[in-house]
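Reader: I'm new to reading protein models. Could you walk me through this one?

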Amino acid sequence: MNCKSVQNRLSAYLDRELGGDELLQMRAHLSMCRDCRTEAEGLRSLRALLGGMAAPEPPADFAAKLTANVLRQKVEEPRRAFRASALMFAGVTACSMAITFAVYGMSHHTDTNGPNSRVLEGNMGILTIDDRFSNTAPVISAANFGPR
Amino acid sequence: MLFTAVKEKTGVVADRGRLFESLIQDSYKQAYGLAYRLTGNAAEAEDLVQESFVRAYRFFHRYDENLPFTSWLYRIMTNAHIDMVRRRGRLKTTSLENSGTDGSSTWDLPDADAAPDRMMLSNALDEPVQKALSSMTPEFRMAVLLADVEGLAYEEVADIMRTSVGTVRSRIHRGRKQIRTYLLKNAPQTYRSFCDEL
Ligand SMILES: [Zn+2]
């Protein structure tokens, strides 16, 4: 290792973040090179300064103010959102079944959960794509209702 | 431990308020210390801590259970801080031209014979260190603070900042060198006295 690569690793060395060959080579170089030792001492001092600085203290009423302001916030509730989308899904499914029957009549078999149907999750909850009719375009049974 | 309590209660909205009271109680001082070093002043530190806890509270169901709570909070704080800096362009406290024409500065010791102890020197260097921090990019500032003030390992810093250990290593090293250069330029006597006291 030359001086440049040693000096680039000095912080990691001081922080005990080096191991293996890298560490051995660093030690070997530092034991021989005064310039790099001086550089290491300089960084060690700075590290000591930063680590020893007094922590800035918050004002006395900060905790109470902070707690009140945080707890006042509305929480995003994933469960309620899920219930809403489940309701939407039920409605959409009923709707799309009607459409499916209207378009294809009774001539097609009605195995709705066959091995070829796959379920996608999207912004609106769940979309089912039925590609039993894969020689035509897939039927997307929850149409593009609502915002994207 | 509180961390276990956090894990058990993740996603349970009804308990969130009570849980957060204890989480705030447990970590607000540490969070404030970091926020103060990041922003350089009390008003913005308070805003940043509040913004971070509010985001954590609202999106607690997204809490990554592989992280300790403070690490997750610091991740949120990193993003909030970077947003803030990018929005404003620079930090309020950034004013690097504090050196007088003769090379002396506002913060340097007026009298080298005073021979104060290490603590006093460290206190005298607080403001120049803060100015040096403010002159850095938020990514460098955060990396140095998490490693040197919070005492975290590089891997933890990388987790919080969502980057590689190699990037963290380079940010910390270059960040420290920037601070040292700044101190040698703006508070040379005080800084050299501090180094000699070690
Ligand atoms: Zn060398």
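Reader: In which loop of chain B does Arg162(B) lie?

Author: First, a word on the ground rules: this is a predicted model, where local features need pLDDT of at least 70, side-chain atom pairs count only at pLDDT 80 or more, and totals for chains, interfaces and linings use all residues. Residues are numbered from 1 along each chain as its sequence is written, chains are lettered from A and ligands numbered from 1 in the order written, and side-chain values use heavy atoms, leaving out hydrogens and water. Helices here are DSSP runs (H or I, at least four residues), numbered from the N terminus. Arg162(B) sits in the loop between helix 7 (154-161) and helix 8 of chain B.

Reader: What is phi of Arg162(B) near?

Author: Most residues other than glycine have a negative phi. Arg162(B) has a positive one, though, and it isn't a glycine: its phi is near 50°.

Reader: Is Arg162(B) buried or exposed?

Author: Buried means under 20% relative accessible area, exposed over 50%, and partly exposed in between (1.4 Å probe, protein chains only). Arg162(B) has a relative accessible area of 63%, so the label is exposed.

Reader: What about Arg16(A): is that residue buried or exposed?

Author: Arg16(A) lies in the loop between helix 2 (10-14) and helix 3 (20-32) of chain A. Arg16(A) also has a positive phi, about 55°, without being a glycine. Its relative accessibility is 77%, so Arg16(A) counts as exposed.

Reader: At what angle do helix 5 of chain A and helix 2 of chain B pack?

Author: Axes are lines fitted to C-alpha atoms, for helices over the stretch in contact, and angles run from 0 to 180 degrees between N-to-C directions. For helix 5 (residues 62-71) of chain A and helix 2 (residues 16-39) of chain B, the axes are 10 Å apart and the angle is about 135°.

Reader: Which residues of helix 2 of chain B make that contact?

Author: Contact means heavy atoms within 4.5 Å. Helix 5 of chain A brings Phe62(A), Ala63(A), Leu66(A), Thr67(A), Val70(A) and Leu71(A). From helix 2 of chain B come Gly17(B), Phe20(B), Glu21(B), Ile24(B), Tyr28(B) and Tyr32(B).

Reader: How many disulfides does a search of the whole structure find?

Author: A disulfide is a pair of cysteine sulfur atoms within 2.5 Å. Cys33(A) is buried at 13% relative accessibility, and Cys36(A) is buried at 0%. Over all chains, the number of disulfides found is zero.

Conventions: Helices (H or I, at least four residues) and strands (E, at least two) are DSSP runs, numbered from the N terminus.
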